[in-house]
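Let's walk through this model together, going from single residues to the whole chain. Please keep the viewer open as you read.

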Amino acid sequence: MLPATFKLCAAISYQHLRNMTGLRRQAAVAISQELSKLACRRAGPSAWISQVRRRSSLLSSRLEEKPFSEMEMSYIKQGEEALQKSLSILGDQDGWKTETVVGNGDKVLSKVLPDVGKVFRLEVVVDQPLDAVYGELVEKMEQMGDWNPSIQEVKILEKIGKDTVITHEKAAATPGNIVGPRDFVSVRCSKRRGSTCVLAGMATKYGAMPEQEGFVRAENGPTCMILRPLAGSPSQTKLTWLLSIDLKGWLPKTIINQVLSQTQVDFANHLRERLARTAGC
């Protein structure tokens, strides 16, 4: 049995712990460890100490949780919706038509969906491991404008939890660009399960980023990229990119289709060049 004075002090300390809003997990873990040491000095295990340790562990986990606002939850839901809808589109193998086939094996396919319109599907193999590709597309997302000439800037406006971000993307005004300056505000959701990564997104509204002067606010989605190690060759990555986009404005569909399919092919080449330059860095 613990002395009554110690039990009283411990109870007061625990109540103080509950009331401290700025306490980190380390404090809760430290208390748990000290209680464990005290328990070892006694003749046998203490039920009181075990109870406090359980509650302390629960408290430390609660200290790490951040409740989401209603707006944040709506963005998370949009990201999940984009992911599920994209996977559903890619999972249906019927109706795909070949748009482009490149000598290195890269290919772009397309199909028309009643509720979405025309979507494009890029399938390529990148000679870099999955972690390197994932790092460029997710962890270094804001650096994409450094290596992809079709993108002027990608900026993360808000991070929500560990899987969801709101982004603003400006398309670059390249020479001879007949589409004109476009920008996008999107919610993006990234999921990594084992050896498969899915990066999904769709257009969204974000009050802090209204339409910009000089840009047409285009909309994408659902769109996603799926990354998997190439079967039998873990040092290579199979990348599948579903692209669905509404560029807005008065543009002939034939021009739009040509631009989008070429954009995907160019993206694969620029990604390879970027990975080759940064390999081993």
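Asp115 counts as exposed, because its relative accessibility is 57%. In this report, buried means under 20% relative accessible area, exposed over 50%, and partly exposed in between, with a 1.4 Å probe and protein chains only. Please note that this is a predicted model, in which local features need pLDDT of at least 70 and side-chain atom pairs count only at pLDDT 80 or more, while totals for chains, interfaces and linings use all residues. Residues are numbered from 1 along each chain as its sequence is written, and side-chain values use heavy atoms, with hydrogens and water left out.

Which side chain meets that of Asp115 in a salt bridge? The partner is Lys85, at 3.5 Å from N to O. The two sit 30 residues apart and link distant parts of the chain, with Lys85 in helix α4 and Asp115 in the loop between β2 (107-113) and β3. A salt bridge here is a side-chain nitrogen of Lys or Arg within 4 Å of a carboxyl oxygen of Asp or Glu. Helices (H or I, at least four residues) and strands (E, at least two) are DSSP runs, numbered from the N terminus.

## Around Lys85

Lys85 counts as partly exposed, because its relative accessibility is 32%. If its neighbours within four places in sequence are set aside, Lys85 is in contact with Asp115, Val116 and Pro222; contact means heavy atoms within 4.5 Å. In space, the C-alpha atoms of Lys85 and Thr223 are 8.7 Å apart, although 138 residues separate them in sequence.

Pro222 deserves a look of its own. This proline lies in the loop between β9 and β10, and a cis peptide bond, with omega about 0 degrees, joins Gly221 to Pro222.

Side chains of opposite charge can pair when their charged atoms come close. By the rule above, the count comes to 15 salt bridges. One of them joins the side chains of Asp92 and Lys111 at 3.8 Å, N to O. This pair also links distant parts of the chain: Asp92 is in the loop between α4 and β1 (97-101), and Lys111 is in strand β2, 19 residues apart. Asp92 is partly exposed, with a relative accessible area of 36%, whereas Lys111 is buried at 8%.

Another salt bridge brings together the side chains of Glu136 and Lys140, 3.7 Å from N to O. Is Glu136 buried or exposed? Glu136 is buried, with a relative accessible area of 1%, while Lys140 is partly exposed at 33%.

## Helix α5

Helix α5 (residues 130-139) is largely enclosed by the rest of the structure, because 7 of its 10 residues are buried. The buried ones are Leu130, Val133, Tyr134, Gly135, Glu136, Leu137 and Val138. They pack against β3, β6 (182-193), β7, β10 (223-230), β11 (233-243) and α6.

## The second largest pocket

Have a look at the second largest pocket next, with about 510 Å³ of space. A pocket is found on a 1 Å grid over the protein atoms alone, as an open set of points where a 1.4 Å probe fits, with protein on both sides within 12 Å along at least five of seven lines; lining residues have an atom within 4 Å of a point. Grid points are joined across faces, edges and corners, and the volume is the space filled by probe spheres set on the points.

The lining has 24 residues, and Val116, Gly117, Lys118, Ile245 and Asp246 lie nearest the centre. Two or more lining residues come from each of α4 (70-91), β3 (117-126), β7 (196-203), β9 (219-220), β12 (245-246) and α6 (253-278). The largest share, 4 residues, belongs to α6.

## The chain as a whole

To step back, the chain has 6 helices and 12 strands. Of its 281 residues, 40% count as buried. Among contacts between residues at least 6 apart in sequence, 58% join residues at least 24 apart.
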